Amino acid sequence: MRQFCVSLFFLTYLLLGWTIIEDYGMSTDEAKQRRHGMVAWDYVNKKLGNLFYEEPFTNKDLPNYRGRDYGLTFQMFCFALERKLNIEDSREIYLLRHKVGFLIFVLGVFFFYKTITHRLGNWRWGLLAALLMILSPRIFAHSFFNPKDIILLGVFFIATYTLIRFVEEKTWKWMIVHALVCAWLINTRIVGICVPVLTMAVLLVDLFKFNSYTVWLKKYLVPSLGYLILTSLLTIALWPSLWEAPGQSFMYNFHSMKQFYWDGIVLYWGKFIPTNQLPWHYIPTWLFVTTPLAYGVLFLIGLGYGIQILIKNKFKFYSNNEERIDLILLALFLGPLIAVIALQSALYDGWRQMYFIYVGFLGTAVIALYKLNSKFKSASSLSLPKGTHQWVLWILLLGNVATTVYYMVRNHPHQNVYFNVCAGTNVYKRMDMDYWGVGFQLLYEQLLEMDDSDEIWIKTSVRPGYENVFFLKPELRKRIHYNEEDEPRGYFVTNYRFERQLRKYLN
């Protein structure tokens, strides 16, 4: 029964995604990320003695390349696959990248299912957790086109599961698996280093919980040190920009991540704010107003349960494996969030750069739901019969889920601009909307249907407005021409990405 239901669930999800993946446009960073992959693959090919091809695809040198601080594993793999399959058409190139990214996300959701199933000992709760993850509108949409943040989230799911299994068993098997996944994670985005840091922190807490240090030294010291060494070696091996001067290059990449500067302006609660002056509550607010309300409420309850665990154990963290998992999930959410606030890291475009903390956020929410359900199952009061609280809990949750599904279906494929009721009305006047320009593909398809001219001229002030032309099907693409001159001609298209345009639109 379990195997059938789980297989049916994920097969249905995979088929649904494969059916609608072409509905989503091309985001503003995709061409740039592909170029990063080309530069890195040229470098690897050169280091291997031109094993794969003779002439490089770019004239850039990776050690001096500006984009070398990005994790390049996904970008290199997609470019190598594109070359292997001899794909030349621009639309097919980026559709391939979308499909690979979506598959990584589906794999990640499967490991989220495994994590919750492992924690609660019930596969049905694991499937519920996976369903709630899929029914997170913004995450759902981004899983079809985001070449960076969703890849990180997908690998983060896997790293969370391997972390939990490694600190539980501390065996060579899980040490090797966890080290490999962590290296992949760091090579996706350097912020993934938070998982090895948390891993070592949990191992250190376990050390002080042993009555005999001799037992710990014999059984667990070698796997712990082995994990650190293997993770470091695999990280270097998978990240070509670290091959020359690994220590210096890693610190450069880390510093770039910590203090990356983009001199842009974001719209936040109706105010135009420079990205280097954002308030501390920018990320928490964006997270809570762009996820279904029930998830946020359950997370806050889960946060309360986490504090309760700490108080019960007199701030000696956890007393059993279940509590350890609960605190790990909380730490995976709170740790990076506190770090970016404390370091004043540059953040923009909502909270997409922090999507990876959603693993801890929703994991904590589901565990809170489980605890509430168990508590309410036998609860009664003078005015309510036994189990009434439980029914109220599920009615409220399912009601929120139903409205979320309705929104996702009705607004397909624009789930990436979802806001819950806490954002209020006319939210487009107060918060950034389609900042990545994914909607241009649908705009052009509708424009081509509306205007039957043989040649349609467009002009745009934003990169995705130009690049999405090349994401159209060939028969549609040939009718659109880009106006590079200053004189008015045809249509001007924009997503109001920049302050000057947006002010005009709002006024």
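Leu-287 sits in helix H13, which covers residues 282-289; helices here are DSSP runs of H or I with at least four residues, numbered from the N terminus. The model is a predicted one, in which local features need pLDDT of at least 70, side-chain atom pairs count only at pLDDT 80 or more, and totals for chains, interfaces and linings use all residues. Residues are numbered from 1 along each chain as its sequence is written, and side-chain values use heavy atoms, with hydrogens and water left out.

With a relative accessible area of 1%, Leu-287 is buried (under 20% relative accessible area, 1.4 Å probe, protein chains only). Beyond residues up to four places away in sequence, Leu-287 touches Phe-333, Trp-351, Ile-357 and Phe-361, contact being heavy atoms within 4.5 Å. Leu-287 and Gly-350 are 63 residues apart in sequence, yet their C-alpha atoms are 8.1 Å apart in space.

Turning to helix H3, its buried residues are Thr-73, Phe-74, Gln-75, Met-76, Cys-78, Phe-79 and Glu-82. Their cover includes helices H2 (30-47), H4 (90-120), H7 (149-169), H8 (172-186) and H11 (221-238). Just after H3, Asn-86 adopts a positive phi of about 55 degrees.

Note on methods. Buried means under 20% relative accessible area, exposed over 50%, partly exposed in between (1.4 Å probe, protein chains only). Helices (H or I, at least four residues) and strands (E, at least two) are DSSP runs, numbered from the N terminus.
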